[in-house]
Amino acid sequence: MKELFDLFFTFMKIGAVSFGGGYAMLPILTREFAEKRDWVTDTELNDYFAIGQVTPGIIAVNVATFIGNKRKGFIGGIMGTIGLVTVPVIIITLIAALLTNFADIEIVKHAFSGIRVAVCVLILSAILKLWKKSVPDIPTLIICLILFGLSAFGGLIPVVGKFISPVWMVIVAAVAGIIIQSIRTARRTKGGNKQ
């Protein structure tokens with residue numbers, strides 16, 4: 001029971017101080033769960049982010065569910081998720097109730113300008129960390145560059161732009177990863193048999 005409450009309050013603390021969504025949270029989640037508490041490894045956290053990105057829902061909520069589930073099963077997943085969303089739901093409800101008066105206050109406008117800059121920095125930090133772990137070699141770099149090119153410039157090509165969906169990009173990347181890993185495994189097995 002103590003670990004369930006620990007899970008809830010840890011995610012509640014993260015939810016209270018996180019702005020900018022899942023990617024901005026990655027450095028905080030890494031520090032809190034991979035480095036400080038050793039609840040997950042960096043690789044597991046990156047995998048949770050990847051899965052959270054391609055499954056329905058908010059990335060951060062999905063990651064909270066995955067970490068909670070890993071620690072304490074189904075109930076842990078629920079506690080992690082509820083913990084993460086508790087403070088933001090309260091804050092959003094208060095802001096929505098006061099939004100007409102709140103948004104026009106000059107200090108609030110300046111605060112949000114500063115927050116946007118901080119969120120950009122956190123997202124850039126998350127991208128760099130994901131890059132180091134997710135693109136370890138030339139074949140994955142090639143996959144990354146091809147998919148980035150299709151994503152960024154596919155709309156400029158009339159025929160291609162109509163057919164490229166992020167879903168297909170994820171499927172193509174997954175299939176390419178499976179093929180590359182299968183080839184590597186076959187080479188290692190073949191090399192091991194020769195000795």
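The lining of the largest pocket comprises 23 nonpolar, eight polar and three charged residues. Here Ala, Val, Leu, Ile, Met, Phe, Trp, Tyr, Cys and Pro count as nonpolar, Asp, Glu, Lys and Arg as charged, and the others, Gly among them, as polar. The model is predicted; local features need pLDDT of at least 70, side-chain atom pairs count only at pLDDT 80 or more, and totals for chains, interfaces and linings use all residues. Residues are numbered from 1 along each chain as its sequence is written, and side-chain values use heavy atoms, with hydrogens and water left out.

**Pocket**
- A pocket is an open set of points on a 1 Å grid over the protein atoms alone, where a 1.4 Å probe fits, with protein on both sides within 12 Å along at least five of seven lines; lining residues have an atom within 4 Å of a point.
- The largest pocket is lined by 34 residues, of which A50, S134, C144, L147 and A173 lie nearest its centre.
- Helix α8 contributes the most to this lining, with nine residues; helices are DSSP runs (H or I, at least four residues), numbered from the N terminus.

**Salt bridges**
- There are seven salt bridges, each a side-chain nitrogen of Lys or Arg within 4 Å of a carboxyl oxygen of Asp or Glu.
- E32 and K13 pair at 3.6 Å, N to O; E32 lies in helix α2 and K13 in helix α1, so the pair ties together parts 19 residues apart in sequence.
- D6, K13, E32, K36 and R37 are linked in a network of salt bridges.
- R184 and D137 pair at 2.2 Å, N to O, linking helix α8 with the loop between α5 and α6.

Technical notes: Helix = DSSP H or I, 4+ residues; strand = E, 2+ residues; numbered from the N terminus.
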